[in-house]
Every structure is written in structure tokens, then in C-alpha cells.
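Q: Got a model up and want a quick walk through it. Can we take it piece by piece?

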Amino acid sequence: QLQLVESGGGLVQPGGSLRLSCAASGFGLDYYAIAWFRQAPGKEREGVSCIGSSSTGGGPNYADSVKGRFTISRDNAKNTIYLQMNSLKPEDTAVYYCAATHYYCSGSGDPADFGSWGQGTQVTVSS
């Protein structure tokens with residue numbers, strides 16, 4: 001069974017940067033499309049970025065709200081996906097989740113397409 005564990009969240013000032021990591025165990029991540037989602041209090045979970053598997057390709061795709069500021073990448077040798085977040089804004093504050101699917105990326109990620117989820121990591125952008 002694929003297991004995902006996020007890390008790298010924390011408190012950062014506006015304009016700062018963070019890099020989130022999503023480490024996988026159980027199966028190789030290169031067989032999965034991987035997405036980062038976020039959920040702020042009182043809001044629905046939204047797709048932030050999605051990158052396709054080695055077989056299906058596709059992506060990376062980004063939500064308009066993070067385009068040009070966030071970068072998703074994968075290191076198959078380390079079985080890890082990263083989300084580099086630059087120029088952070090208070091509205092980026094949320095719990096961030098990584099998720100995996102055998103399907104392709106639909107835009108920046110549709111939660112309904114993803115069956116394997118990490119536990120989430122909190123990102124807080126505040127002065």
C-alpha cells in the first residue's frame with residue numbers, strides 16, 4: 001500500500017519561501033501522478049499543482065493563484081515529490097496535502113481522482 005508523508009510546513013513571513021516534501025513508501029512514485037492540495041479553514045480542498053507519472057506524462061499544472069510562485073518537482077530516485085513555494089502570501093495559509101493517483105492530472109488536481117493521501121502539513125504565512 002502506498003503511504004505518503006508530508007514535511008516542511010511552518011510559519012513564514014509574507015514574501016518568504018518554503019519547500020514542502022512528500023516522501024512515499026510502499027510503491028515507486030514514478031508510477032503515479034502526484035498532486036499537492038491545500039485546504040484553508042472553512043474552505044474546500046483545492047488543487048495547487050499536479051505532475052504526471054512517468055507513463056502518462058502530463059503537467060506540471062498549477063492553479064492560477066500560485067502560477068509563477070510555486071514549482072512542483074519529483075525525484076524518483078528518492079521517491080519524493082517537492083513543492084517549492086516562493087513569494088508566499090497570507091492567502092496561501094492552509095494545510096497542504098500530497099496525493100497520488102494512477103490516472104492523469106486533471107488541471108491542478110481534482111481531489112475526487114486521488115485515492116492515496118498524506119496526513120497534511122500546516123503552512124502559515126503571517127507577519
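Q: Start with Ser53. Buried or exposed?
A: Keep in mind that this is a predicted model. Ser53 counts as buried because its relative accessibility is 4%, and the cut-off for buried is under 20%.

Q: Where does Ser53 sit?
A: In a loop. Ser53 falls between β5 (46-51) and β6 (61-62).

Q: And what does Ser53 touch?
A: Setting aside residues up to four places away in sequence, Ser53 touches Asp30, Tyr31, Tyr32, Ala33 and Arg74.

Q: What about Thr56, where is that one?
A: Thr56 is in the loop between β5 and β6. Ser53 has its place in that loop too.

Q: Which residues does Thr56 contact, beyond its sequence neighbours?
A: His102, Tyr103 and Tyr104, once neighbours within four places are left aside.

Q: How far apart are Thr56 and His102?
A: In space, 8.8 Å from C-alpha to C-alpha. In sequence, Thr56 and His102 are 46 residues apart.

Q: Which residues other than glycine have a positive phi?
A: Asn79 is one of them, with phi near 55°. Ser87 is another, with phi near 50°.

Q: Where are Asn79 and Ser87?
A: Both are in loops. Asn79 is between β7 and β8. Ser87 is between β8 and β9.

Q: Switching to disulfides. How many?
A: The structure holds 2 disulfides.

Q: Take Cys22 and Cys98. What's the sulfur distance?
A: Their sulfur atoms are 2.1 Å apart.

Q: Which hand does that disulfide have?
A: Right-handed, because the torsion about the S-S bond of Cys22 and Cys98 is about 70°.

Q: What does the pair link?
A: Distant parts of the chain. Cys22 belongs to strand β3 and Cys98 to strand β9, and 76 residues separate them. Cys22 and Cys98 are both buried.

Q: Now the link of Cys50 and Cys105: left-handed or right-handed?
A: Left-handed, with -80° about the S-S bond. From S to S, Cys50 and Cys105 are 2.0 Å apart.

Q: Which parts does that one tie together?
A: Cys50 is in strand β5, while Cys105 is in the loop between β9 and β10 (116-117), so the link ties together parts 55 residues apart in sequence. Cys50 and Cys105 are each buried.

Q: What's the pairing in sequence order?
A: 1-3, 2-4, counting the bonded cysteines of the protein chain.

Q: On to packing. How many residues are in the largest nonpolar core?
A: It has 29 residues. Those with the most contacts inside it are Leu4, Trp36, Phe70, Leu83, Met85 and Tyr96.

Q: Which elements give two or more residues to that core?
A: β3 (18-25), β4 (33-39), β5, β7 (70-75), β8 (80-85), β9 (94-101) and β11 (121-125).

Q: And what about a second core?
A: There is a separate one of 7 residues. Ala33, Ala35, Phe37 and Cys105 are among them. Cys105 is also the disulfide partner of Cys50, and Ala33 is one of the residues that Ser53 touches.

Q: Back to Tyr96. What is it in contact with?
A: Leaving aside neighbours within four places in sequence, the contacts of Tyr96 include Trp36, Phe70, Leu83 and Met85. Glu6, Arg38 and Thr121 are also among them.

Q: Last topic, the largest pocket. How much space lies in it?
A: About 160 Å³.

Q: How does the lining split by class?
A: 8 charged, 3 polar and 2 nonpolar residues line the largest pocket.

Note on methods:
Residues numbered from 1 in each chain as written. Predicted model: local features only at pLDDT ≥ 70, side-chain atom pairs only at ≥ 80, totals over all residues. Heavy atoms only, no water. Helix = DSSP H or I, 4+ residues; strand = E, 2+ residues; numbered from the N terminus. Buried < 20%, exposed > 50% of the residue type's maximum accessible area, 1.4 Å probe, protein only. Contact = heavy atoms within 4.5 Å. Core = buried A, V, L, I, M, F, W, Y, C linked by side-chain atoms within 4.5 Å. 1 Å grid on protein atoms, 1.4 Å probe; cavity = no way out; pocket = protein on both sides within 12 Å on 5 of 7 lines; lining within 4 Å. Points joined across faces, edges and corners; volume = space filled by probe spheres on them. Nonpolar A, V, L, I, M, F, W, Y, C, P; charged D, E, K, R; others polar. Disulfide = S-S within 2.5 Å.
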